[in-house]
There are 2 protein chains.
Amino acid sequence: MAFINENFLKLSENYLFAEIAKRVEAYRAANPDKARHLIRCGIGDVTEPLPQAAVAALHKAADEMAARETFRGYGPESGYDFLRHAIAENDYRARGLSIDDDEIFVSDGSKCDCANFLDIVGSGNRIAIPNPVYPVYVDTNVMAGRGEVFFLEGTRENGFVPMPPDCPADLIYLCFPNNPTGAVASRPQLEAWVAYARRHNAVILFDGAYEAFIRSPGIPHSIYEIPGAESCAIEMHSFSKNGGFTGVRCGFTVVPKTVMGKTSDGKVYPFHALWKRRQSTKFNGVSYPVQRAAEALYSSEGQAQVTVLTSFYMENARLFAQALTSLGWPFSGGVDAPYLWVRVPDGRSSWDMFSHLLEDAQIVVTPGVGFGSQGEGFFRISSFNARASVEEACRRLVSLR
Amino acid sequence: MAFINENFLKLSENYLFAEIAKRVEAYRAANPDKARHLIRCGIGDVTEPLPQAAVAALHKAADEMAARETFRGYGPESGYDFLRHAIAENDYRARGLSIDDDEIFVSDGSKCDCANFLDIVGSGNRIAIPNPVYPVYVDTNVMAGRGEVFFLEGTRENGFVPMPPDCPADLIYLCFPNNPTGAVASRPQLEAWVAYARRHNAVILFDGAYEAFIRSPGIPHSIYEIPGAESCAIEMHSFSKNGGFTGVRCGFTVVPKTVMGKTSDGKVYPFHALWKRRQSTKFNGVSYPVQRAAEALYSSEGQAQVTVLTSFYMENARLFAQALTSLGWPFSGGVDAPYLWVRVPDGRSSWDMFSHLLEDAQIVVTPGVGFGSQGEGFFRISSFNARASVEEACRRLVSLR
């Protein structure tokens, strides 16, 4: 009989959002009338229509696929040149950052990339993961069993921006603007991380999925704004949140050719070649119409539509911030990120607060403890919602006073 | 410094099709005039337009994404119910095979699924892989290092349908209709495999990507036509070849709840739960418009268009078969599969024949040895091509006489 990967048995039974869905469903079954007015501010899923530029590109590509002359079969596993070029040019070179087209790997999303990256990593690594953080980092490490995970504690004191520890690490996950806390890292803070990574020859996996929501001047939009990062950092991006692509599925990972790993006998290899081989062998590229839709986000209309979209969600964040302020509930985030990270009042637990908001206001939030032990006593509000829902949610929150 | 996955260093430098592309490119650079008339019968990539039903579904879904009322964000990681149901109903239950909707896992393609499946498999397994076969099975096993691989030798004598060995295995890869040989397995042959798997509590990974090309009556279209297979077989399918989806990206894997694996201390777990967890944690589902396009292949128009499409390619196969017969070159396949598996005349090597056909007929084929040592002395012709190209390729082949 085939052996299973027993690491899976070390995972908690439910993925956070599956657990939330289960509890909401139970509430709905018991309270069908009240549940009709549920407002979901839990999972960070976009609600607004796809930018018109992307829709037009989907239509055009569908028509191309309908004619022999313009039909496209297998595409390059790492993405079409047109998209790799648009990304490298607009997100990097236009900002003075020297990233080559072939250092961009197009994928069907950041979740897959950050999970799949562990395929090219060996055993015996010391892996530093923030706490609280997006649960996929921890879960995929548990599944892969690539090394020893230790946590970088985010606290009120450090503003949920943990700084480098005293001990060395080989792999470091960072996510700014942060999911779930909405915190952003300043340039000096990222400089400290890059210096640490270079001192230990470590690799930083930098998750920049929420970059488009940065509004404050001076906050780095990419880890590569820090000199030296090109030799120690891999950056992941997604079109899910800026372009509303959660259902369309496209993202990318930047793997500079200068980021190195080693074998057990000390030989040094570039992660770029390993990732390229991984993607060529285990992946068949992103749907052609989807890549055209992503490319369209970089057109001048597309960029304007992305700005409208991200600003819409950030106005939602402002409304939530206003309601929380009037309630006197301390929170952070919501300024450069679509998430608000709220301290649970009266010393209750995250899940207690989840139940309270569900039962007494029919609002679904995400319990902070779902993102790690340091999230206990907090909850996350997502600003990805329709305006009317946000306004109603704010009214209900304020009425809880 | 982070340790790399050293298994990657055990891979040959180039993926087969990358090596072919390199050699073709070198020929093109040296012979620009002749290379203008190249006919590519190497990689098995479709050439004909997407079925109209799928194109219409892509357009409709793009429009849905453009309006707030019908916009869709994150979908279920395992696929939308509408598609899981269409697959289970049409491909299985309509044929009297009892597969539940939730045993269908929608993905972006079979290559990913057969590669990713190793995530849920533990170490120490005995893994049986045919030779010759689709190189991804071997390469992904080398990368994952999950166990000891041994080969099931396909030969002229067994018609490239290897039968169960004397020794036990835990995981067995089977692919029928076969890539690259075009061989199909009869019902008694599959019965022998299912009996073997049940005797050893082994799991069969059955790759049915070319199922839609079966024309001979009596040849099983699914491993689940064999009683008992539901407790030992996982079946992978793709819309790449029947629906022309190589650039659209959609496939699925059937994981019956009754297929089990074990821990090192002998506890038994269903692979279904492990795969569901793997997909929920490491994957975010297939693009919504793509899932609608796949669903459309099951409509009555869609089914008719798929039949036209697969018949078109099988007529190409018939033309190739006719040319090979007139040349007197022994071959198999091309009857229930879009691939013809041809013996290299005059005892030359596969790569010699590749060069001969490239240089003297400007035809690109796939050298058999690229699919494993047992493929030496053979080459594969793909029937996925425009009719005019096939006719011209046949003329050139015949003129080599």
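Predicted model: local features only at pLDDT ≥ 70, side-chain atom pairs only at ≥ 80, totals over all residues.
Chain A splits into domain 1 (6-50 + 301-399) and domain 2 (53-299), and 7 of its strands build an open, mixed sheet. Between the chains, 75 residues of chain B are in contact with 75 residues of chain A.

**Domains of chain A**

- The centres of domain 1 and domain 2 of chain A sit 25 Å apart, taken over C-alpha atoms.
- Where the two domains meet, 37 residues of domain 1 of chain A are in contact with 41 residues of domain 2 of chain A.
- On the domain 1 side, the elements giving two or more residues are helix 10 (300-327), strand 11 (331-333) and strand 12 (339-343) of chain A.
- Helix 10 of chain A gives the most to that side, with 8 residues.
- Sorted by class, the domain 1 side has 15 nonpolar, 16 polar and 6 charged residues.

**Helix 3 against helix 10 in chain A**

- The axes of helix 3 (residues 52-65) and helix 10 of chain A come within 8 Å and cross at roughly 135°, which makes helix 3 of chain A oblique to helix 10 of chain A.
- Helix 3 of chain A brings Gln52(A), Ala53(A) and Ala54(A) to this contact, and helix 10 of chain A brings Glu301(A), Gly302(A) and Gln305(A).
- By class, the residues of this contact come out as 2 nonpolar, 3 polar and 1 charged.

**The sheet in chain A**

- Reading across the open sheet of chain A, the strand order is 2-8-7-6-5-3-4.
- From one strand to the next, the twist averages 20°.
- Strand 3 (residues 125-131) and strand 5 (residues 171-175) of chain A pair in the parallel sense over 2 bridges, and Ile127(A) has Leu171(A) of strand 5 as its bridge partner.
- Helix 4 (residues 81-92) of chain A lies across strand 2 and strand 8 (251-254) of chain A, at about 120° to strand 2.

**Where the chains meet**

- On the chain B side, the elements that give two or more residues are helix 3 (52-65), helix 5 (110-116), helix 6 (136-144), strand 9 (260-262), helix 8 (271-282) and helix 9 (288-296) of chain B.
- The largest share of that side is 6 residues, and it comes from helix 3 of chain B.
- The chain B side divides into 38 nonpolar, 23 polar and 14 charged residues.

**Helix 6 of chain A**

- Helix 6 (residues 136-144) of chain A is mostly covered, with 8 of its 9 residues buried.
- The buried ones are Val136(A), Tyr137(A), Val138(A), Asp139(A), Thr140(A), Asn141(A), Met143(A) and Ala144(A).
- The cover draws on both chains: it includes helix 5 (110-116), strand 3, strand 4 and strand 5 of chain A together with helix 8 of chain B.
- Just past helix 6 of chain A, Gly145(A) takes a positive phi of about 55°.

**Strand 6 of chain B**

- Strand 6 (residues 203-207) of chain B has 5 of its 5 residues buried.
- Val203(B), Leu205(B) and Asp207(B) point one way, while Ile204(B) and Phe206(B) point the other way. In a regular strand, side chains do alternate between the two faces of the sheet.
- Strand 5 (residues 171-175) of chain B runs parallel to strand 6 of chain B, joined by 5 bridges, with Leu171(B) opposite Val203(B).

- Most residues other than glycine have a negative phi, and most peptide bonds are trans.
- The peptide bond from Asn131(A) to Pro132(A) is cis, with omega near 5°; Pro132(A) lies in the loop between strand 3 and helix 6 of chain A.
- Chain B has a cis bond joining Asn179(B) and Pro180(B), with omega about 20°; Pro180(B) is in the loop between strand 5 and helix 7 (187-199) of chain B.
- Asn201(A), not a glycine, has a positive phi of about 50°. Asn201(A) is in the loop between helix 7 (187-199) and strand 6 (203-207) of chain A, and with 16 C-beta neighbours inside 10 Å it counts as partly exposed.
- Arg249(A) also isn't a glycine, and its phi is near 75°. Arg249(A) is in the loop between strand 7 (233-238) and strand 8 of chain A, and its 30 C-beta neighbours inside 10 Å mean that it counts as buried.

Notes
Residues numbered from 1 in each chain as written. Chains lettered and ligands numbered in written order. Pairing = 2+ DSSP bridges. Helix = DSSP H or I, 4+ residues; strand = E, 2+ residues; numbered from the N terminus. Axes fitted to C-alpha atoms, helices over the stretch in contact; angles between N-to-C directions. Contact = placed C-beta atoms within 7 Å. Nonpolar A, V, L, I, M, F, W, Y, C, P; charged D, E, K, R; others polar. Domains from an automatic or database assignment. Parallel < 35°, antiparallel > 145°, perpendicular 65-115°, else oblique. Buried ≥ 20, exposed ≤ 12 C-beta atoms within 10 Å, placed from the backbone.
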